[in-house]
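Please walk through this model from its sheets to its ligand. Keep the sequence and the 3D view side by side.

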Amino acid sequence: MSKVLIIGGGIVGLSSAYYLQKKGFQVTVIDKGDITDNCSFGNAGMIVPSHFVPLAAPGMISQGIRWMFNSKSPFYVRPSLNASLIGWGLTFMKHANEKHLAKSAEPLRDLSLLSKKLYEDLAKASDFSFELTNKGILAFYKTEKAGEEEAHLAEKAKTLGLDMGVLSAQECKILQPDLNLDVLGAVHYRCDAHLYPAKLMNALLDYLNKNGVDIIRGKEVDKIECNGDQITKVFSGETFWEADQFVLATGSWSPAVARMADLKVSLMPGKGYSFMEKEPQNRLTIPALLCEARVAITPMNGSIRYGGTMELDKINTRINMQRVKGIVESIPKYFPDLNPAVPDEKDIWYGFRPSSPDGLPYISRSVKRKNLIIATGHGMMGLSLGPATGLLVSQIIAEEKPEMDIKAFVAERS
Ligand SMILES: Cc1cc2nc3c(=O)[nH]c(=O)nc-3n(C[C@H](O)[C@H](O)[C@H](O)COP(=O)(O)OP(=O)(O)OC[C@H]3O[C@@H](n4cnc5c(N)ncnc54)[C@H](O)[C@@H]3O)c2cc1C
């Protein structure tokens with residue numbers, strides 16, 4: 001049986017393990033942590049075919065610069081002369097235009113819709129329960145300007161065949177009757193869904209454990225040995241593993257791990273925060289995106305998860321309370337009945353979105369290391385795109401025809 005070694009046990013690594021195991025490969029997953037709290041656990045749980053606009057979108061540069069001067073804003077880039085940030089920034093600028101948006105929308109939509117279908121299939125399997133809920137997402141706006149931007153997006157979504165509707169404030173109230181709303185309107189992306197990420201990750205881990213996948217925790221890959229175009233061994237200290245094929249699924253740490261195999265993967269960690277608040281009355285029934293504030297609110301397991309901010313900086317353990325306050329203060333502006341307190345630092349979760357500069361994930365066999373598949377760079381959409389990525393990884397490794405065209409996701413692209 002052919003052996004596959006996956007580096008990284010986030011949603012991308014575990015989904016790859018799931019589909020590879022189903023195809024009969026002997027799979028090992030190695031993670032530097034204990035796989036209880038990576039970026040795939042504390043995220044907002046939204047499954048978003050509606051996010052067909054990559055981070056590198058028209059208008060993001062001027063908007064980003066305006067946000068840089070507000071300590072509570074949802075977006076921040078730490079200015080630095082670091083060569084990888086400069087390289088990332090230049091590629092981002094090159095892609096923040098309508099042409100790139102037009103080129104990316106269909107591949108992103110197709111990857112998302114494939115993933116959503118795979119989540120629906122998973123949820124039907126008896127071993128899996130992760131609160132997958134198909135009620136869509138409401139993107140609320142308060143200002144005419146945001147309303148126009150959302151209407152423009154909704155029009156694009158319609159041409160892409162995505163199910164959505166533009167709602168007045170009264171129509172929003174009908175959908176979300178138990179909470180007062182202070183909004184101008186919303187787009188209801190009925191094509192979207194949500195789930196409870198920690199439950200999903202634990203269900204996947206359980207399934208993999210029971211089905212012979214070897215999951216190795218607490219081992220940080222620190223060296224990769226290559227011979228010509230092949231990876232031969234992966235090391236953690238003195239311990240090493242051999243395999244026929246390897247998968248790089250190390251999220252925001254991918255540039256460093258790729259360098260060990262003399263490869264370049266351009267991405268920046270986009271730090272975001274989330275926290276939970278008990279909501280036993282379950283008044284919020286449909287997840288919400290607060291358009292101007294860029295905050296995500298998701299009902300989850302009898303609580304509400306609030307999440308937001310995107311700080312592009314080196315990986316670090318700092319919690320920027322000003323930005324957390326920015327999230328907290330934005331909520332009652334849309335939902336006057338929801339007034340979460342500023343959480344204690346110990347109750348704030350943070351994770352690093354592996355953000356590629358053009359906003360598209362990397363999913364392909366490496367050209368330089370032919371027994372390596374690169375699967376990372378999913379940015380704000382990694383949870384959404386996890387299963388589709390895993391399926392594609394398994395098809396690439398099994399040398400089957402991939403479920404969809406993956407040209408847009410070639411890893412070694414400029
Ligand atoms: C606040 C917030 C809200 C979000 N909301 C959503 C959402 O609603 N919907 C959505 O689709 N996405 C969302 N995301 C994005 C999503 O969470 C990520 O894109 C996704 O979790 C990335 O998954 P991953 O498997 O690539 O990386 P990770 O989950 O980060 O996993 C990578 C793993 O690799 C391991 N690793 C790294 N280096 C090494 C090494 N050298 N050796 C061994 N192991 C290593 C790490 O320990 C880690 O476990 C959100 C993110 C944030 C921060």
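Which residue of strand 12 stands opposite Val234? The residue is Trp241. This is a predicted model, where local features need pLDDT of at least 70, side-chain atom pairs count only at pLDDT 80 or more, and totals for chains, interfaces and linings use all residues. Residues are numbered from 1 along each chain as its sequence is written, and side-chain values use heavy atoms, with hydrogens and water left out.

Strand 11 (residues 230–236) runs antiparallel to strand 12, with 3 bridges between them. Strands here are DSSP runs of E with at least two residues, helices are runs of H or I with at least four, and both are numbered from the N terminus. Two strands pair if DSSP finds at least two bridges between them. The sheet is open, has 3 strands in the order 10-11-12, and pairs in the antiparallel sense. Strand 10 (223–227) and strand 12 (239–241) are its edges, each pairing on one side only. From one strand to the next, the twist averages 25°. Such angles run from 0 to 180 degrees between N-to-C directions, and the axes are lines fitted to C-alpha atoms, for helices over the stretch in contact.

Strand 13 (residues 245–248) and strand 20 (residues 372–376) pair in parallel over 3 bridges. Here Val247 stands opposite Ile373 of strand 20.

Next comes the ligand. Around it are 37 residues, and Asp31, Ser40, Met46, Gly379 and Ser384 come nearest. A residue counts as near if one of its heavy atoms lies within 4 Å. The shell divides into 17 nonpolar, 15 polar and 5 charged residues. Strand 18 gives the largest share, 4 residues.

A polar backbone atom of Gly379 is 2.7 Å from one oxygen atom of the ligand. For Cys39 the distance is 3.1 Å, again from a polar backbone atom to a ligand oxygen. A backbone N or O atom of Ile11 lies 3.2 Å from an oxygen atom of the ligand. Taken alone, the ligand exposes 1,000 Å², of which the protein buries 97% (Shrake-Rupley method, 1.4 Å probe).

How values were computed
A polar contact is a pair of N or O atoms within 3.5 Å; within protein, one must be able to donate a hydrogen and the other to accept it, and residues adjacent in sequence count only if both atoms are side-chain atoms. Ala, Val, Leu, Ile, Met, Phe, Trp, Tyr, Cys and Pro count as nonpolar, Asp, Glu, Lys and Arg as charged, and the others, Gly among them, as polar.
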